[in-house]
Amino acid sequence: MISDNRKIIEKQSYDLIVVGGGVAGIAAAVAASRKGLKTLILEKRLLLGGLATAGLISFYEPLCNLSGKQVVFGIAEELIKLSIKDGYDNLSNDWKNKTGEHKTSYSTYFSPTIFAMVLDEYLKENNVDVRFDSLAVFPVMNENVCNGIMVESAAGREFYPAKAVIDATGDASVADRAGIPTRVGTNYLLGMAHYTSRSLAEEYAQGGKMYKFRKWLYALDETGQQDKKVHEGVSSEDITDFIVQGRAAVLKKIRKEEKEEREIMSIPSMPQYRTIRRIVGAKVFDAELGKIYEDAIGNCANWKKPGLQYQIPYGSLYHNDFPNIWAAGRIISTDEDLGWEVARIIPACALTGQVSGTAAAIAIRGGYAAKDVPIKELQDTLVKDGVVIQ
Ligand SMILES: Cc1cc2nc3c(=O)[nH]c(=O)nc-3n(C[C@H](O)[C@H](O)[C@H](O)COP(=O)(O)OP(=O)(O)OC[C@H]3O[C@@H](n4cnc5c(N)ncnc54)[C@H](O)[C@@H]3O)c2cc1C
């Protein structure tokens, strides 16, 4: 039996700890901090944005229903604007200026590197503390109540006490280790990097667009089953296999071109799994058309089909037995089908992030468990903060 007898460094306490600085974690932390919570984001990597930046998924799926109607609002909209504030975009002027008829989609490419730097600023402006290179190892539980997060950092093992915790890890590792039931998803192998070439540079020099100059290179078919193996992302073996095979495919593809004719601009610094693990919450969001929830907290669109939108229930963000833990982003409680497909994209992740941060603030102020947060107060607060519940 091996035991760990290192001294635990006790850190300052927070009202709220958000684990994970992806889009969902950022929206959660900003929403909570704006409500006066002393808020910390723990991020194991060195930049904010998660899959959107470190994972090179630099395309903000639509905030509209692909038929001209905006469906997602609030911090999700702040973030799309921030994603292109200092970098390139391909968003049409009618959405930028909110004028005229919207014939295009409210979506855009963005620079992942510039967006990540802008996000540093955004957290600072919103009084959110952040610790990079800080791996949340496990939640410290007293029965089903989380008292804080144990962290591994350059200093060693640290404990951050907190009144509430939001799991925005993308793999529900905090929720899972707290004892909340979870489901593991499945993925096929994927290898995507950012690429450019002499011919793209020539096009750019002729007045071309930057988003076409910094191009996605899919080395494996997006839904490819090349290794016929299902990848789950819940072991270091699988993650290593997934990453190494993806990179090998990128290398194989570019080896077909002359060395002086092309360049890989970035490779992902996190695995591009679409799904890893999500909670089984009080409600399971299944994107049933026309379904009305009394605890609706906003809507998401269907990025594959025009004209559709779905209410998301608050119950998909928590488990009844865990009073001070919320899930946000791609780990909320969904089915394995359409519910998951429409809730995992960037705008929906930002929305559920904002909702979790707002709910945590109401819970802490009023002394409520996650399941007892007064729905009317939550909905009214969200609406006041720019969310539209349709
Ligand atoms: C191949 C692919 C293509 C996609 N295409 C699109 C697209 O075109 N448009 C779109 O809108 N969406 C797309 N998506 C989906 C979307 O990018 C993600 O679902 C979304 O960005 C997830 O955001 P998140 O904040 O929930 O999680 P993540 O982005 O996964 O963020 C989680 C963060 O938590 C951190 N973290 C995890 N564990 C710990 C820990 N223990 N301690 C500290 N930090 C931790 C991670 O480092 C990460 O920064 C795509 C996804 C994939 C994989």
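Trainee: At what angle do helix 1 and helix 10 pack, and how far apart are their axes?

Mentor: Two packed helices are described by the angle between their axes and by the distance between those axes. In this predicted model, helix 1 and helix 10 pack at about 35°, and their axes are 7 Å apart. The crossing of helix 1 past helix 10 is right-handed.

Trainee: Which residues of helix 1 and helix 10 meet?

Mentor: From helix 1 the contact includes Val23, Ala24, Gly25 and Ile26, and from helix 10 it includes Ile346, Cys349, Ala350 and Thr352. Sorted by class, this contact of helix 1 with helix 10 has 14 nonpolar, seven polar and no charged residues.

Trainee: How do the axes of helix 2 and helix 10 cross?

Mentor: Helix 2, residues 75–83, crosses helix 10 at roughly 130°, and the two axes come within 8 Å. Helix 2 and helix 10 are therefore oblique to each other. The crossing of helix 2 past helix 10 is right-handed. Ile75, Ala76 and Leu79 of helix 2 make the contact with Pro347, Ala350, Leu351, Gly353 and Gln354 of helix 10. The residues of this contact comprise six nonpolar, two polar and no charged.

Trainee: What angle and axis distance describe helix 10 and helix 11?

Mentor: Helix 11 spans residues 375–384; helix 10 packs with helix 11 at an angle of about 125°, with 10 Å between the axes. That angle makes helix 10 oblique to helix 11. The crossing of helix 10 and helix 11 is right-handed. On helix 10 the contact uses Val355, Thr358, Ala359 and Ile362, while helix 11 contributes Glu377, Leu378, Thr381 and Leu382. By class, the residues of the contact of helix 10 with helix 11 are five nonpolar, two polar and one charged.

Trainee: Let us turn to the ligand. How many residues surround the ligand, and which are the closest?

Mentor: A shell is read by listing its members, then asking which elements supply them. Here 35 residues surround the ligand, and the closest are Gly20, Gly22, Gly50, Gly170 and Gly329. The shell divides by class into 18 nonpolar, 10 polar and seven charged residues.

Trainee: Which helices and strands each supply at least two residues of that shell?

Mentor: They are helix 1 (23–34), strand 4 (59–60), strand 7 (135–142) and helix 10 (346–366). Helix 1 gives the most, with three residues.

Trainee: At the level of domains, what does the assignment give, and how far apart are the C-alpha centres?

Mentor: The domain assignment of the protein gives domain 1 as 9–185 + 276–384 and domain 2 as 187–266. The C-alpha centres of domain 1 and domain 2 lie 27 Å apart.

Trainee: How many residues of domain 1 and domain 2 are in contact?

Mentor: Nine residues of domain 1 are in contact with 11 residues of domain 2. The side of domain 1 that touches domain 2 consists of five nonpolar, two polar and two charged residues.

Methods
Residues are numbered from 1 along each chain as its sequence is written. This is a predicted model: local features need pLDDT of at least 70, side-chain atom pairs count only at pLDDT 80 or more; totals for chains, interfaces and linings use all residues. Domain bounds come from an automatic or database domain assignment. Two residues are in contact if their C-beta atoms, placed from the backbone, lie within 7 Å. Ala, Val, Leu, Ile, Met, Phe, Trp, Tyr, Cys and Pro count as nonpolar, Asp, Glu, Lys and Arg as charged, and the others, Gly among them, as polar. A residue is near a molecule or strand if its C-beta atom, placed from the backbone, lies within 6 Å of it. Helices (H or I, at least four residues) and strands (E, at least two) are DSSP runs, numbered from the N terminus. Axes are lines fitted to C-alpha atoms, for helices over the stretch in contact, and angles run from 0 to 180 degrees between N-to-C directions. Angles under 35 degrees count as roughly parallel, over 145 as roughly antiparallel, 65 to 115 as roughly perpendicular and the rest as oblique. A crossing is left-handed if the near helix is turned anticlockwise from the far one by less than a right angle, and right-handed if clockwise.
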